[in-house]
Every structure is written in structure tokens, then in C-alpha cells.
Amino acid sequence: MKRRDIILFIGIIVASIIGTRTFAEPIEKPSSKEIGAEEVERIIKDIKDNPEFSIFYNAIEQANLSKEIAKLDKMTLMIPSNRAFRLLPEDVWENFMDEDNKEALVKLLNYHVIPKKVNFDNLEVDELETMQNQSVKIFRGTDLKVENAVIQEKHEETSDVIVYKIDRLIMPLK
């Protein structure tokens, strides 16, 4: 065999090995970065079934927020109790729930969603970015607060989601 034929032969063998290896390796599907639909449904059902969160549930239904939440890969949800909503003048809340003001309702509710899982028990930052793409301030003292809302309790935690109960609506002034 001539040297050229040997190089060509070796090249064919190397190419076939590389080609076989490429085809033999399993192709990994990109992992879904969304919270599973089942988990979102379960969280929404949990909110719906909790009488303390009925006003928030009605608001997320009105705003179709559950579809946006399902697009996240991790989430911290700060849910105002019904008592928190009742602190608003009634006509203000009715205005938010009016079909013509759906965009304002979505913005308000998005202040209550942080698009990553944040455990407030060991939080080391003073600001968090919300789903509304605006920061909310964290205040530590006798109570842990997000803006003007006191974190009352951790309601639920899964591998992708933490739900906290808060005593007021979060309305940053920005």
C-alpha cells in the first residue's frame, strides 16, 4: 500500500469511529425550564381551597396569572390574605378587578411573584426582582418585611416554589 492509501484508510476509520460515536450517543432533550403544569395546578388549587386567600385567587383568575406563573422555572409567591385586601378602600379594589383595568391588576399581582425560589429564613440581600421587573426592598427588624408587607408565615414549599402569606399588598412606588 502506498502511503497516501494508508492515510486515506486511517482517515476513513477515524471518520467512521467519530460518526458512529456521534450517532450512538443519546441526544439529550433540553430540560424544561417551566414549573410543571401539575404543580402549578396544585398550587392554584391550594390557593383556591384556602378561605384566607379567596380574594387573591379571584384576582389571579381575573388576570390569567396562572399561565404566566407556569412559564417560570422557580418561584416565590407572596400571597396577601383576604384581610390585607380589605385594608384597601373597597372602590380601589373594585377598580383593579374591573375588566378594563386588567393590565393594572396584572402589574399589581406581578409584584407578588419573584421568579426564583427565595427562602426568607436565610436571605442575605436587601432587594429582590419581581416578575414585574421591578425591585422590592427587604427590611429586617422585629418583623421581616417586603416593602410594607410583613411576611407572616411560610405557607408551602416544594422543590421549585415557596409560598408565603403576607399581611398587606405590595405596591412599590416606582
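**Entry 1. Helix 3 and helix 7**

I began with a pair of helices and noted that helix 3 crosses helix 7 in a left-handed way. By left-handed I mean that the near helix is turned anticlockwise from the far one by less than a right angle; clockwise would be right-handed. I took helices (H or I, at least four residues) and strands (E, at least two) as DSSP runs, numbered from the N terminus. The model is a predicted one, in which local features need pLDDT of at least 70 and side-chain atom pairs count only at pLDDT 80 or more, while totals for chains, interfaces and linings use all residues. Residues are numbered from 1 along each chain as its sequence is written, and side-chain values use heavy atoms, with hydrogens and water left out.

I read off an angle of about 125° between helix 3 and helix 7, and their axes are 9 Å apart. Axes here are lines fitted to C-alpha atoms, for helices over the stretch in contact, and angles run from 0 to 180 degrees between N-to-C directions. Under 35 degrees counts as roughly parallel, over 145 as roughly antiparallel, 65 to 115 as roughly perpendicular and the rest as oblique. Helix 3 and helix 7 are therefore oblique to each other.

Next I listed the contact (heavy atoms within 4.5 Å). From helix 3, Phe56, Ala59, Ile60, Gln62 and Ala63 meet Lys102, Leu105, Val106 and Leu109 of helix 7. I sorted the residues of this contact into 7 nonpolar, 1 polar and 1 charged. In this sorting Ala, Val, Leu, Ile, Met, Phe, Trp, Tyr, Cys and Pro are nonpolar, Asp, Glu, Lys and Arg are charged, and the others, Gly among them, are polar.

**Entry 2. Helix 6 and helix 7**

Helix 6 packs on helix 7 at about 105°, with the axes 7 Å apart. That makes the two helices roughly perpendicular. I found Trp93, Phe96 and Met97 of helix 6 meeting Ala104, Leu105 and Leu108 of helix 7. The residues of this contact divide into 6 nonpolar, no polar and no charged.

**Entry 3. The cores**

I then looked up the largest nonpolar core, which has 31 residues; Ile47, Phe56, Ile60, Leu77, Trp93 and Leu109 have the most contacts inside it. Such a core is a set of buried Ala, Val, Leu, Ile, Met, Phe, Trp, Tyr and Cys residues joined through side-chain atoms within 4.5 Å. Buried means under 20% relative accessible area, exposed over 50%, and partly exposed in between (1.4 Å probe, protein chains only). Helix 3 gives the most to this core, 6 residues. Beyond its neighbours within four places in sequence, Ile60 is in contact with Ile44, Ile47, Leu65, Ser66 and Leu109. Apart from this core I noted another, of 16 residues, among them Leu128, Ala149, Ile151 and Ile166.

**Entry 4. Val113**

I placed Val113 in strand 2 (residues 113-114). Its relative accessibility is 0%, so Val113 counts as buried. The C-alpha atoms of Val113 and Leu77 are separated by 4.8 Å, although the two are 36 residues apart along the chain.

**Entry 5. Two loop residues**

Most residues other than glycine have a negative phi. I found that Asn133, not a glycine, has a positive phi of about 60°. Asn133 lies in the loop between strand 3 (127-129) and strand 4 (135-139). At 61% relative accessibility, Asn133 is exposed.

Glu147 also has a positive phi, of about 55°. I located Glu147 in the loop between strand 5 (145-146) and strand 6 (149-157). With 22% relative accessibility, Glu147 counts as partly exposed.
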